[in-house]
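Visitor: I am new to this structure. Please show me how to read it, feature by feature.

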Amino acid sequence: MRRRGNGTARALVFAFLLVLFGLNAPGLLSQSQIESPEAPRVTYVLLPKSRCVVAPPSLPADKCPTGTLPPPDFITAINWIAADGSDFEGAIGYEDINKDIVRVSFRVVAATEVKDAPPGTFKVGQIFSFEPPAQTSDKGAFDFRIFTTVPQDVTLEVTLEDAKKNISQPKIFSFKAVGPEPIISGIVFPAEIPLRAEQNVLVGFVDREGQLSRVFFQLVNFDPKRVGDCTLPIDPNGLDVSEQVFGEKEGQLSFTISCNSAQRIILKVVLVDRQGNRSEQSVLRQRSTFEFIAGRKVADGLFFLDQFGQDGSEPGAFRRPQGIAVDSKGSIYVADTENHRIQRFDPDTFKLTEKKPSFVWGGQCLLRTGAGCSDPDGGGPLVPGDGQFNGPTDIAVDAAGNVYVVDSGNHRIQKFDSTGKFLGKWGTRGSGDGQFETPIGIALDGSGKFIYVADKGNHRIQKFDISGPTVRFVGKWGSECNLTVTPPTGRCIDPDGGGPLQTGDGQFFEPQAIAVDGAGNVYVSDTGNHRIQKFDANGKFLLKWGRNGLAQGQFDVPRGLAFTKQGILLVVDQNNNRVQEFNADGTFVRQWGEQGNGEGELNAPQDIAVDSAGNIYIVELLNNRVQKLGDLKTQ
């Protein structure tokens, strides 16, 4: 490092020699001297002095000296010098009311460690200093020169000392001493890009020889099934930029990216010069990878990933679907309600423009009249209607892959294997134990031994043991109580006769969905009362929250329930066209969704499910589709 004062060309001495002479560090001064109102102040440090880089920890733009700002679009500029022994001139701005600064000191705060470091290498703890020329003004600038032959990232701390031993607060600045390899000075990119929209990626470069030739983009993390839906600046031979930037020692290149499907991509950038030197060979710190997400952001950490379905009766289409479930292998089951069938989808078979089901089973059968009912095995042990439905509304899948379907219009539950083979059934219309009146929701507990059914028309929950060869009724709770009218209708009661519970606690008005947490607690969408109720595994009332409305924690026809991997309860708020998230104690976490038919929008959402990777699936009644949402950053 060399110093030059007030424009004089007289060089003083190599700074690293001053270290050998053992100059004292200004850090030995007392705190009172540092904080003295008469202490000088460092206002800025520029290196090179001709440009003020507006990036932390450099100056804000409005503090940069006139004429030192880089062009507004040059947003990847950095402080750098060539590590070739050349002198580079810097400037230190100062203010001092006494005009008696007698020493300028630099201390190395951080520097790239160099093995077998040659002379002139910056090392942490080194101190360089010089005596500036006498000041004639209380503000101005001292010039200094700096040079090195060793490529390093260097951070220096500069302080000023006056004749009374007052010392300035330190000012930190950093620079790169650039070797023969080109380096990436910065990458500016959109973290999220809308689908089917072109976006720019800016790559800044420094090449001290002015010989940059090619830019390579390499895929680091991507979905091999979807990456073909993106237009990326990838060429196995690299993108030739030699004519574009010939002779330029620094600059900024622009590239475009776009995607037609939701995905997360990480790209690596490598710069190569005409001599074959590569940026990845440099010892200097540089950002070489960047990541972006293509897709619509629904909420923080939640993006639209995919969708399938449309109105219709062909395979893959839906007619007012109401239920959804995902098994441990990622297969998706949809209760296609008004097509009276179940459809199973396997995402591994999906193509961008074609998402067909792997299995479809069912067909309409109204058991009450026999209309449409057929004998599946022609006089065998099965009876007409087995495997058929009248408005299926919900699905649960156990650990073995068995599928339980709420056959709502026939007031029963049917059991199938994962391909739709009929295995069994239980329930008839009625109000007795094990009977149903328009059942609508179903859920398994964590053990897979017990299953809960929302018996909508009977305003109750029923619990069954499915672990044995036959299904066994275990218990029930709830009765009709409509709290939305004044006075409440039904048989609303105070469950503890003046105790802490309130009238209607533990009762329902058309409950429609159930979820069970890891502790075995049961959560019920008390749909007609626009609230959620929580019970233990045997139906003991624990708490409730919600009422009719639009505010946070209020509902307008709450429907499907599901838990995330983090134990957050997702509640489908049908008529508000949103999903609300809660902790297990009913504390509101956040909400997302709005009405519409676009990506991430909802129209009468019905049910919700979460797969083992944490992706969320929502089935919509009026959009006749399933949407997949997830945190692409975790994929």
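This is a predicted model: local features need pLDDT of at least 70, side-chain atom pairs count only at pLDDT 80 or more; totals for chains, interfaces and linings use all residues.

Guide: Let us start with one residue. Ser 408 sits in the loop between β26 (403-407) and β27 (412-416). Strands here are DSSP runs of E with at least two residues, helices are runs of H or I with at least four, and both are numbered from the N terminus.

Visitor: What should I know about the model and its numbering?

Guide: Residues are numbered from 1 along each chain as its sequence is written.

Visitor: Is Ser 408 buried or exposed?

Guide: Buried means under 20% relative accessible area, exposed over 50%, and partly exposed in between (1.4 Å probe, protein chains only). Ser 408 has a relative accessible area of 6%, so the residue is buried.

Visitor: Which residues is Ser 408 in contact with, leaving aside neighbours within four places in sequence?

Guide: Contact means heavy atoms within 4.5 Å. With those neighbours set aside, Ser 408 touches Asn 390, Gly 391, Pro 392, Thr 393, Thr 438 and Pro 439.

Visitor: Now Gln 502. Where is its place?

Guide: Gln 502 lies in the loop between β34 (489-490) and β35 (513-516). Its relative accessibility is 48%, so Gln 502 counts as partly exposed. Beyond four places in sequence, its contacts are Ile 493, Asp 494, Pro 495 and Lys 544. Gly 478 is 24 residues away along the chain, and its C-alpha atom is 14 Å from that of Gln 502.

Visitor: How many helices and strands are in the chain?

Guide: The chain has 3 helices and 45 strands. Its radius of gyration is 35 Å, well over the 26 Å that the globule rule gives for 635 residues, so the chain is more spread out than a compact globule. That radius is taken over C-alpha atoms, and the rule is 2.2 Å times the number of residues to the power 0.38. The C-alpha trace spans about 110 × 65 × 40 Å along its principal axes. Of the 635 residues, 54% count as buried.

Visitor: Which domains does the assignment give?

Guide: Domain bounds come from an automatic or database domain assignment. Here they are domain 1 (75-175), domain 2 (197-294) and domain 3 (301-629). The C-alpha centres of domain 1 and domain 2 are 34 Å apart. Their contact takes 11 residues from domain 1 and 11 residues from domain 2.

Notes:
Side-chain values use heavy atoms; hydrogens and water are left out.
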